[in-house]
Amino acid sequence: MAEPRVFPLSCVVQDYAWGKLGSDSEVAQLWSTGDPDREINPDKPYAELWMGSHPKGDALIVDNRITEKTLGQWIAAHPECLGSGVREKFQDQLPFLFKVLSVRLALSIQAHPDKALAKKLHSQFPHHYPDDNHKPEMAIALTPFRGLCGFRPVPEIVAFLQDVPEFRTLIGQEAAQNLESVAASPCDEAQVQKALQRCFTCMMQSGKKECAEQLNLLVQRISQLAQNGGDVARCIGDLLLKLHSQFPGDIGCFAIYFLNVLTLQPGEAMFLGANEPHAYLEGDCVECMACSDNTVRAGLTPKYIDVQTLCEMLTYTVAPASSKLFQPTPFGIDPYAMLYDPPVPDFTVIKIELPISVAQYRVEGLDSPSILLFVRGQATINGTQEGLSLHPGSVLFISANESLVINVDDAPPLLMFRACCLL
């Protein structure tokens, strides 16, 4: 008998310290409902649920008819499951990594390298950069999700230089005045980027003692202003105080004056290309990325930081926060599917949301492998996995060109996310 080409997966949970604790975590909820034998530890930080074949989180296959134990092993033995286009483009590898993230503490000021830099970093520092692939990524909010994303327009940064003297002190008068001059006169993009890079680098490379001193002064000033009923919004005081409480004295607290602060509502998304600065601050999301775990960090983290590499690699492209919302589009003629299709070939995500009135739904075959995550609702499968129960936390691998029919229970409405590669 041929092995099934659609099968359930048991995925890997990462308990990083920044993850939400116990039942507050969407990761924990999906992980525990995905297997009734699992119990949530209320004191454990459930941070990431990995769905894919990356060596750090290779999903286990839950089907006793399949001899391979992990998804990576099965793909290596059955590369035809990837489809002709993916096989050729990505050398018989699953090109994407699918995750759920639950963020309680700020998740580092960071960026992900492009392919050329990834190869260089992996060759020189394999312990810190575990593979040689790039890592563009996309986050789709499951709950209100707050993050930093890309550089603000220069006039906004200049306003903070004038309103937050502690911020200006760390950057230095000369670099600050240079950026103000650029903002006040017509300049080409290269001049703007050069002036912005100079300011950002000066701040990030400032001494720890000076940073701690200026941050303490700012925290004291904002705290006093708030106690007196003053307006702390002009210096983003609420966020500054929160980050300082999590990472006292950390230079990353000042990054909020360079980077856009964005709050996604459920279903909204942001895309982060190579060399774009960002940080996830709080909330739960579905995340998809190229199959990599390369991250260059420079603040708000206890992990390895590489300030010089981060400052050198960034694009220093400025844009308003509103432009960072990544808009989905309808997927074909399917009235229940929305397509999040980023400008990279490695991955695409389809959100499928079915009203209670839909009793049966066909997941159409694609010339791509898929990972299908169930977030809400109940269903069973017709076909090769006849009668298999699907519920929040269930994860299916679907081989290329395989379709799937599911019978939907009455309530609640079914919500699924499908990661794939549409070339």
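Strand 17 (residues 337-340) pairs with strand 18 in the antiparallel sense over 4 bridges; pairing requires at least two DSSP bridges between two strands. This is a predicted model, where local features need pLDDT of at least 70, side-chain atom pairs count only at pLDDT 80 or more, and totals for chains, interfaces and linings use all residues. Residues are numbered from 1 along each chain as its sequence is written, and side-chain values use heavy atoms, with hydrogens and water left out.

**Strand 18 and its partners**
- Strands are DSSP runs of E with at least two residues, and helices are runs of H or I with at least four, numbered from the N terminus.
- Ala337 has Ile352 of strand 18 as its bridge partner.
- Strand 25 (residues 414-420) runs antiparallel to strand 18, joined by 7 bridges.
- Val349 is bridged to Ala419 in strand 25.
- Of the 7 residues in strand 18 (residues 348-354), 6 are buried (under 20% relative accessible area, 1.4 Å probe, protein chains only; exposed is over 50%, partly exposed in between).

**Arg297**
- An unreviewed UniProt entry annotates Arg297 as "active site"; such annotations may be inferred rather than shown by experiment.
- Arg297 lies in strand 14 (residues 296-299).
- Arg297 is buried, at 17% relative accessible area.
- Not counting residues up to four places away in sequence, Arg297 touches Ser108, Ile109, Gln110, Lys303, Tyr304, Ile305, Asp306 and Val307 (contact: heavy atoms within 4.5 Å).

**Helices 5 and 7**
- Helix 5 (residues 154-163) packs against helix 7 (residues 173-184) at about 140°, with axes 10 Å apart.
- The contact uses Val154, Ile157, Val158, Leu161 and Gln162 of helix 5, and Ala176, Leu179, Glu180 and Ala183 of helix 7.

Technical notes
Axes are lines fitted to C-alpha atoms, for helices over the stretch in contact, and angles run from 0 to 180 degrees between N-to-C directions.
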